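Here's a quick briefing to read alongside the structure. Have the viewer open and click through the residues as they come up.

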Amino acid sequence: MVDETPVDYRAVFQALPGAVALLTTDLVYVDVNEAFLALARRTREQVVGRYLFDVFPDNPDDPSANGVRYLSASLRRVAETGERDSMALQRYDVQDPEHPGTWEERYWSPVNVAVRGPDGSAALLLHRVEDVTALIRSRSEAEGGRTRVLEADLYARARELQDANERLRLAHARDHEIALRLQESMLPPQPLDRHRRAVSYRPATGALNVCGDWYDLVDLPEPNRTAVAVGDVVGHGLLAAGVMGQLRSALSAASRVAAGPAQALEVLGLYARSVDGAESTTAVSVFIDWQEHTLTYSSAGHPPPVLCRPDGTVTFLDGATDPPLGARPEHVPRPQASCDWAEGSALVLYTDGLIERRGEDIYTGLDRLAASICRHHAAEPGPLADALLADLVPDSGAVDDIALVVLRL
């Protein structure tokens with residue numbers, strides 16, 4: 001039998017044997033436990049409600065002091081990504097509260113963790129610190145000067161490692177930003193007719209990689225015909241974004257002159273053989289005939305589009321699926337299939353980031369997608385796209401990029 005005695009979590013927090021503080025994402029103290037106050041030799045009134053670095057600034061007498069910079073970077077990174085950060089050994093001197101202007105040499109081992117809110121983002125920051133100053137001093141005194149030299153060398157190497165990690169993070173962040181801007185510039189503009197169609201692109205959460213997902217909408221030369229496509233390049237970063245741009249442009253051009261989506265994908269497949277990094281790209285193309293009320297489609301190894309009829313009936317367009325681009329050593333004509341649609345139907349194209357989850361069968365994701373579309377099928381394209389993302393993307397965020405196109409037929 002489960003004990004249903006209510007737990008006083010505030011009392012638990014105060015009783016924790018380790019020194020722990022709760023901060024807002026703006027680095028203002030919300031609460032601290034008794035162990036923290038004892039370790040910092042501060043009263044609650046001197047800490048709670050105040051900005052972290054007003055309470056614990058850097059030692060102004062030490063030109064090499066960098067505790068504020070490193071701790072601030074760690075906490076802000078946790079606030080942005082939601083990921084735990086265990087910091088390297090830190091020297092962070094603390095002012096003696098009984099003797100203003102007197103600074104005590106202190107060594108710390110900090111860990112910073114996000115406390116998530118209802119939306120999954122960091123609502124608070126939990127900052128746990130362990131003071132290892134006494135350990136370093138006792139070993140130095142017991143074993144003589146050689147140990148002191150070794151401890152100083154350890155601290156210096158920890159600082160060097162933290163500096164190197166920070167430079168790597170900044171370099172990765174710059175690459176990520178460049179790749180996102182490149183990717184955005186290569187994607188087509190949002191459609192002006194917001195009542196009939198909606199598109200969405202959502203990068204993976206908390207990742208420094210950019211994937212090669214794309215979407216495209218093309219008004220064909222023939223009256224009353226539109227081509228819509230989505231695709232996914234294997235790989236990450238600037239290379240994937242560059243390949244994505246080439247393939248999207250090639251398929252857009254091929255769709256304007258091809259007899260149908262299968263022929264457009266055949267042309268794209270031939271072109272992909274000459275593009276490094278394009279192997280195993282998946283793509284699906286659907287030609288919409290607005291006058292005849294037909295969809296003609298072909299898939300190169302991509303998850304099937306979904307047609308949802310006005311009554312909520314969901315059909316996966318999986319009747320013309322072939323291997324990804326470049327998967328065959330020789331050229332083979334691709335299959336093509338057609339189906340009718342009724343006024344008021346919805347067409348949904350997407351990349352695998354919307355449906356796939358680690359350790360889960362892809363058909364489970366497809367069933368989840370079908371159920372969500374059926375549940376929200378009466379919504380306009382924009383709200384329908386938002387509902388699909390809300391239903392299918394985990395609270396922790398997308399682990400892969402997502403391209404999503406919703407059209408009201």
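Tyr 9 sits in helix 1, which covers residues 9–15. With a relative accessibility of 63%, Tyr 9 is classed as exposed, and together with Val 7, Val 12 and Leu 16 it makes a nonpolar surface patch of about 390 Å². Keep in mind that this is a predicted model.

**The chain overall**

- The chain has 409 residues, and 47% of them count as buried.
- Its secondary structure comes to 11 helices and 19 strands.
- Take the contacts between residues at least 6 apart in sequence: 61% of them join residues at least 24 apart.

**Strand 13 and its neighbours**

- Strand 13 has seven residues and six of them are buried, so the rest of the structure largely encloses it.
- Strand 12 pairs with strand 13 in the antiparallel sense, over six bridges.
- These two strands make a hairpin with four residues between them, and His 293 in the turn has a positive phi of about 55°.
- Strand 17 also runs antiparallel to strand 13, joined to it by four bridges.
- Strand 16 (residues 321–322) pairs with strand 13 in the parallel sense, over two bridges.
- Over towards strand 16, Ser 299 stands opposite Thr 321.

**Aromatic pairs**

- There are four aromatic pairs by the ring-centre rule.
- Tyr 51 and Phe 53 pair edge-to-face, with 5.7 Å from centre to centre and 80° between the planes.
- Tyr 51 counts as partly exposed at 28% relative accessibility, whereas Phe 53 counts as buried at 8%.
- Why is the pair of Trp 290 and Trp 341 edge-to-face? Their planes stand at 75°, with the ring centres 5.8 Å apart, and planes over 60 degrees apart count as edge-to-face.
- That tryptophan pair links distant parts of the chain, 51 residues apart: Trp 290 is in the loop between strand 12 (282–289) and strand 13 (294–300), and Trp 341 is in the loop between strand 17 (337–340) and strand 18 (346–350).
- Both tryptophans, Trp 290 and Trp 341, are buried.
- Elsewhere, Tyr 29, Phe 36 and Phe 56 are linked into a cluster by ring pairs.

**Salt bridges**

- The salt bridge count is 16.
- One of them joins Arg 44 to Glu 34, with the closest N and O atoms 3.1 Å apart.
- Arg 44 belongs to helix 3 (residues 44–47) and Glu 34 to helix 2 (residues 34–40), 10 residues apart.
- Asp 85 and Arg 77 meet through their side chains in another salt bridge, at 3.1 Å from N to O.
- Is Asp 85 buried or exposed? Asp 85 is buried, at 11% relative accessible area.
- Arg 328 and Asp 322 also form a salt bridge, at 2.8 Å from N to O; Arg 328 is partly exposed at 30%, while Asp 322 is buried at 12%.
- Shared partners tie Arg 41, Asp 96, Glu 104, Arg 106 and Asp 131 into one salt-bridge network.

Notes
Residues numbered from 1 in each chain as written. Predicted model: local features only at pLDDT ≥ 70, side-chain atom pairs only at ≥ 80, totals over all residues. Heavy atoms only, no water. Phe/Tyr/Trp six-rings, centres within 6.5 Å; stacked < 30°, edge-to-face > 60°. Buried < 20%, exposed > 50% of the residue type's maximum accessible area, 1.4 Å probe, protein only. Pairing = 2+ DSSP bridges. Contact = heavy atoms within 4.5 Å. Patch = residues over 30% accessible without salt bridge, like charges linked within 9 Å, V, L, I, M, F, W, Y side chains within 5 Å. Areas by Shrake-Rupley, 256 points an atom, 1.4 Å probe, with all protein chains shown as cover. Salt bridge = Lys/Arg side-chain N within 4 Å of Asp/Glu carboxyl O.
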